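Subject: Structure handover

Hello,

Here is the structure you are taking over.

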Amino acid sequence: MRLSRNLKLIFYALIFYLFIFLTHRFQILINDYLLHIINVSLIYVILTVSLNLINGFTGQFSIGHMGFAAVGAYISGILTTLIWKIQPNSIYNYILFIIAMIIGGISAMVIGYLIGLPTLRLRGDYLAIVTLGFGEIIRTIINNVDYVGGPRGLLGIPKFSNFTIIFVITLISVIVMRNIVYSTHGRAFKSIREDQIASELVGVNTTKYKVMIFTIGSFFAGIAGALLCHLLQIAHPTQFGFMGTILVLVMVYAGGMGSISGSIIAAFGLTFMSEGLRLVLRQLDEMTPTISIGIEWRMVVYSLLLILIMLFRTEGLMGKRELKILVPEEEER
């Protein structure tokens with residue numbers, strides 16, 4: 001029996017899920033720490049692929065992506081922690097969590113639409129400037145609102161995000177974004193990236209499509225933010241600052257602008273590398289008591305990595321190529 005490409009994708013994803021779940025369940029290969037890193041990697045997959053929709057597939061330049069993740073995180077966290085005050089002890093509460101996560105995503109989407117509508121009519125780097133300002137405005141507002149903890153962050157968020165939920169949401173998000181890329185709308189996005197003037201000449205409403213992809217990317221960033229704060233059990237302003245966006249940007253460029261496969265590989269690779277650097281720097285700090293080596297040096301490594309990518313491999317790991325399993329069969333006919 002020959003399986004369709006979509007069924008194969010789900011089949012391989014199920015094998016990955018069972019492997020991680022069972023090896024952690026019986027503590028054979030995956031311990032709690034490794035499972036945590038895998039969970040964070042899956043959330044970064046959503047963030048990286050959604051930013052790649054905007055920067056890679058449509059050729060825009062957003063550097064405030066974590067600001068939308070902050071909106072999703074805080075809105076969902078306020079609902080589950082401060083208003084509903086629910087705990088992960090019943091199916092009903094998990095349903096409420098899913099509703100809170102969707103509301104967080106929709107809130108980020110609405111803000112993305114309001115920001116994108118005036119700025120995406122213009123050309124050039126206006127979107128980058130506006131999104132950079134938006135990220136700082138969000139961080140400043142959160143820092144000064146006592147209701148959500150101010151600079152201390154929103155504490156005591158219930159841990160609804162477990163491996164099963166994160167895996168399912170990530171799989172659905174990737175499939176939806178993959179289908180968008182290979183739809184008629186996806187071709188319009190790519191045409192804007194290749195040549196906006198030519199796209200307009202053949203009748204593509206470039207403003208409409210740029211606002212559309214920016215809104216979609218903001219929605220998925222909000223979903224990722226909701227998952228992240230319910231995994232770490234805290235939503236803190238520094239989690240969603242400019243450096244957070246730089247981290248996701250590095251993942252996009254390292255994986256390849258315009259490649260979902262590259263984004264997935266880079267999200268996993270750089271998240272594991274980040275945790276590895278944390279351990280190495282901590283060991284170095286203990287070995288050199290007279291010289292303090294903070295884990296902040298990880299960002300120096302990220303900056304160097306971004307420079308090296310720009311100099312020696314501008315197309316990233318995958319370029320615009322995709323793994324065959326992520327390409328719909330219709331595209332090969």
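**What turned up**

Start with Ser 218. Setting aside its neighbours within four places in sequence, Ser 218 is in contact with Phe 68, Ala 108, Met 109 and Gly 112. Keep in mind that this is a predicted model. Ser 218 sits in helix H9. Is Ser 218 buried or exposed? Its relative accessibility is 1%, so Ser 218 counts as buried. The cut-off for buried is under 20%.

Two packed helices are described by the angle between their axes and the distance between the axes.

Stay with H9 for a moment. Helix H9 covers residues 206–232, and helix H7 covers residues 184–194. Their axes come within 10 Å and cross at roughly 110 degrees. H7 is therefore roughly perpendicular to H9, because angles of 65 to 115 degrees fall in that class. Which residues make the contact? H7 brings His 185, Ala 188, Phe 189 and Ile 192. H9 brings Thr 206, Tyr 209, Lys 210, Met 212 and Ile 213. By class, the residues of this contact are 6 nonpolar, 2 polar and 1 charged.

Now look at helix H2 (residues 32–57) and helix H10 (residues 242–255). Their axes come within 9 Å, with a crossing angle of roughly 70 degrees. So H2 is roughly perpendicular to H10. On the H2 side, the contact has Tyr 44, Leu 47, Thr 48, Leu 51, Asn 52 and Asn 55. On the H10 side are Leu 247, Val 248, Leu 249, Met 251 and Val 252. The contact of H2 with H10 counts 8 nonpolar and 3 polar residues, and no charged ones.

Rolling a probe the size of a water molecule over the atoms shows where empty space is left.

The largest pocket has a volume of about 680 Å³. It is lined by 23 residues. Closest to its centre are Tyr 44, Gln 239, Leu 247, Arg 278 and Arg 298. H2, H9, H10, helix H11 (260–287) and helix H12 (297–312) each give two or more residues to this lining. Which element gives the largest share? H10 does, with 5 residues. The lining has 12 nonpolar, 7 polar and 4 charged residues.

The second largest pocket has a volume of about 450 Å³. Of its 17 lining residues, Leu 9, Ala 13, Phe 16, Leu 171 and Ile 264 are the closest to its centre. Helix H1 (5–25), H2, helix H6 (163–181) and H11 each give two or more residues. This lining has 15 nonpolar and 2 polar residues, with no charged ones.

Best wishes

Note on methods:
Residues are numbered from 1 along each chain as its sequence is written. This is a predicted model: local features need pLDDT of at least 70, side-chain atom pairs count only at pLDDT 80 or more; totals for chains, interfaces and linings use all residues. Side-chain values use heavy atoms; hydrogens and water are left out. Axes are lines fitted to C-alpha atoms, for helices over the stretch in contact, and angles run from 0 to 180 degrees between N-to-C directions. Helices (H or I, at least four residues) and strands (E, at least two) are DSSP runs, numbered from the N terminus. Angles under 35 degrees count as roughly parallel, over 145 as roughly antiparallel, 65 to 115 as roughly perpendicular and the rest as oblique. Contact means heavy atoms within 4.5 Å. Ala, Val, Leu, Ile, Met, Phe, Trp, Tyr, Cys and Pro count as nonpolar, Asp, Glu, Lys and Arg as charged, and the others, Gly among them, as polar. Buried means under 20% relative accessible area, exposed over 50%, partly exposed in between (1.4 Å probe, protein chains only). On a 1 Å grid over the protein atoms alone, a cavity is a set of points where a 1.4 Å probe fits but cannot get out, and a pocket is an open set with protein on both sides within 12 Å along at least five of seven lines; lining residues have an atom within 4 Å of a point. Grid points are joined across faces, edges and corners, and a volume is the space filled by probe spheres set on the points.
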